[in-house]
Amino acid sequence: RVWVDEPHGVAIVELHDPKRSNTWSVELGEDLSLAAEQLVARGAAVRAVVLRGAGAHFSAGGNPHAHARGAPLAAAAAALRLTFAGFAALRALAVPLVCAAHGTVIGGGNAACLSCDYVVAEAATTFEHGNLVRGVCPLGGYSRTLPHVAGRARALAMYMNNGTLSAAEACAAGIVHEVCDGGVVATQRR
């Protein structure tokens, strides 16, 4: 879903697959690609983009069940490329990209946050690496961005122990820029 507050030049792009906790899939990637195309068509009218999630969670990461098991490597690689092409297209808009995080943010959801210019987290948000315990591997540069932002020791501890950070701890670690009290709606407005 895409909305544009034209007087302020702010576009809101919403991950809208709440039944699957906005997990990354080819369909979600295609939706983000379409959203980016709509925003490109508006040109200079868009001066910033807010990325948010519908439902209980901003994004619970990658969906390991979204792709056919046993698919040829080339097909799996093509599916991953489609999954993340939409997010890359949003980054290519060359305007500030702000993330409003809430719920439990896992793996690829963290990668999306870390790729944004500014992250506001609802006070009850939790952040966890989530990959090792689920038997999946990090995607989207997450294995590089988390140590860069939070430090190597904290990133390793999150990966090996699946440590969960509160919004305040994520802010102290530099993963989040601001914590917002008042619920999800207040966080998304902020």
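These legends walk you through a few close-up views of one predicted protein model.

Residues are numbered from 1 along each chain as its sequence is written. Because the model is predicted, local features need pLDDT of at least 70 and side-chain atom pairs count only at pLDDT 80 or more, while totals for chains, interfaces and linings use all residues; side-chain values use heavy atoms, with hydrogens and water left out.

**View 1. The whole protein.** You can find 8 helices and 9 strands here (DSSP runs numbered from the N terminus: helices are H or I with at least four residues, strands are E with at least two). Of the 190 residues, 43% are buried, where buried means under 20% relative accessible area with a 1.4 Å probe, counting protein chains only.

**View 2. The largest nonpolar core.** This set has 39 residues; a nonpolar core is made of buried Ala, Val, Leu, Ile, Met, Phe, Trp, Tyr and Cys residues joined through side-chain atoms within 4.5 Å. Among those with the most contacts inside it are Leu-39, Phe-58 and Phe-127. Helix H1 gives the largest share, 5 residues.

**View 3. Helix H1, residues 26-42.** Its buried residues include Leu-28, Leu-32, Ala-36 and Leu-39. How far apart are the end C-alpha atoms of H1? They are 25 Å apart, which agrees with the 24 Å that 17 residues should span at 1.5 Å a residue (the rule is 1.5 Å times one less than the number of residues).

**View 4. The hairpin of S1 and S2.** S1 (residues 2-5) and S2 (residues 10-15) pair in the antiparallel sense over 4 bridges; pairing takes at least two DSSP bridges. Look for Asp-5 opposite Val-10 in S2. Between the strands sit 4 residues, and Gly-9 has a positive phi near 70°.

Definitions and conventions:
Buried means under 20% relative accessible area, exposed over 50%, partly exposed in between (1.4 Å probe, protein chains only).
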